[in-house]
Amino acid sequence: MRIKILGSAAGGGFPQWNCACANCAGLREGTIRAQARTQTQIAFSPLPDVWFLVGTSPDLRAQVLGTPELSPHPGTPAFSPITGVFLLSADVDSVMGLLHLREFQNFFVFATPAVQRLLKNENRIFKVLDRASPPVQWQLLSSRGRIGCHLSENAGDPPTFFYTSVPLGGSYPDFASDEFRSSASVEEAIVGLVIEQDAKKIFIAPCLAGANSQWERVAASSDLTFIDGTFWSDEELMQTGRSKKTAREIGHLPLSGPDGLLEQYPKAAKGRKILIHMNNTNPVLDEDSPEHRVVLDAGFEIAYDGGEFDL
Ligand code: MLT
Ligand code: MN
Ligand code: ZN
């Protein structure tokens with residue numbers, strides 16, 4: 001399994017177009033040591049020339065063009081090596097890139113039933129995906145047992161990889177109607193993705209509200225975990241003047257503090273743990289900050305655009 005990080009920042013990217021916080025201004029002026037980042041996008045390849053996307057970021061077009069492995073090969077009937085996309089929520093940052101994939105390409109879209117309903121019934125714009133022939137194929141993403149994904153041409157072969165999801169709590173995006181909210185289960189709003197191949201397990205949870213502890217068991221047993229590094233502190237958006245809401249109020253467990261991710265992360269976890277989806281205000285982005293040092297000392301890595309992993 002190969003995994004590539006095509007984008008590693010939260011919504012807005014880093015720097016963010018309308019932000020002049022210490023990080024964004026420092027990056028623009030070259031006065032801090034930090035790397036620009038596009039909006040979070042992960043891709044994994046379970047077989048040569050077959051790629052799946054996790055989320056479809058608003059920056060997807062540039063991210064695909066910047067990744068030679070995702071280019072179509074001249075003369076092959078399949079248009080693109082992008083075979084499917086896993087949507088872990090209906091957040092704008094996670095689904096906006098679907099519209100970049102509208103060019104008559106058939107692919108699989110894995111999402112919970114509620115996320116599928118939200119995209120298909122409340123947002124007619126996504127019907128553009130149906131003009132591919134055959135249209136995109138919506139697939140169930142469920143937390144009830146693992147499902148095998150068969151990519152081999154021989155029907156008797158074992159599944160190429162297995163996938164399942166973990167409900168992470170959190171809420172539906174602001175654009176969901178009250179009617180939708182009253183009928184949709186909170187279990188299906190935001191999920192983490194578990195991919196297994198050759199006895200190796202990958203856990204992807206870029207949006208972790210901390211509303212339940214189901215993620216801890218999965219993080220503890222994964223070989224590679226990509227997890228929510230959006231905010232350093234609960235008050236970060238208020239302190240930087242960006243919003244009156246706390247990190248928790250917008251669905252992100254902060255890294256620091258007594259109940260923060262660094263404290264809660266299972267101590268027995270042996271796999272690599274990589275923070276992803278960092279907001280532009282997060283001091284860990286400044287490579288000379290004490291917060292950057294704290295997360296590295298706690299054994300975490302900080303995702304950057306272009307990062308690659310082989311399992
Ligand atoms: C989020 O997931 O809440 C957003 O990425 C935060 C943001 O837009 O900055
Ligand atoms: Mn986001
Ligand atoms: Zn900023």
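Author: Let us begin with a definition: donors are N, O and S atoms within 2.8 Å of the metal (3.2 Å for Na, K and Ca), and water is not among the atoms, so sites may look incomplete. This is a predicted model, in which local features need pLDDT of at least 70 and side-chain atom pairs count only at pLDDT 80 or more, while totals for chains, interfaces and linings use all residues. Residues are numbered from 1 along each chain, ligands are numbered from 1 in the order in which they are written, and side-chain values use heavy atoms, without hydrogens.

Reader: Which are the protein donors of the manganese ion?

Author: They are Asp93 (OD) and His277 (NE2), lying 2.3 to 2.5 Å from the manganese ion (ligand 2). Asp93 belongs to helix α3 and His277 to the loop between β12 (272-276) and α9, so the pair ties together parts that are 184 residues apart in sequence. Helices (H or I, at least four residues) and strands (E, at least two) are DSSP runs, numbered from the N terminus.

Reader: Is His277 buried or exposed?

Author: His277 counts as buried because its relative accessibility is 11%. Buried means under 20% relative accessible area, exposed over 50%, and partly exposed in between (1.4 Å probe, protein chains only). Asp93, at 30%, is partly exposed.

Reader: To change topic, where is Asp297 found?

Author: Asp297 is in helix α9 (residues 290-297). With a relative accessible area of 58%, Asp297 is exposed.

Reader: And which residues of α4 are buried?

Author: Those are Ala114, Val115, Gln116, Leu118 and Leu119.
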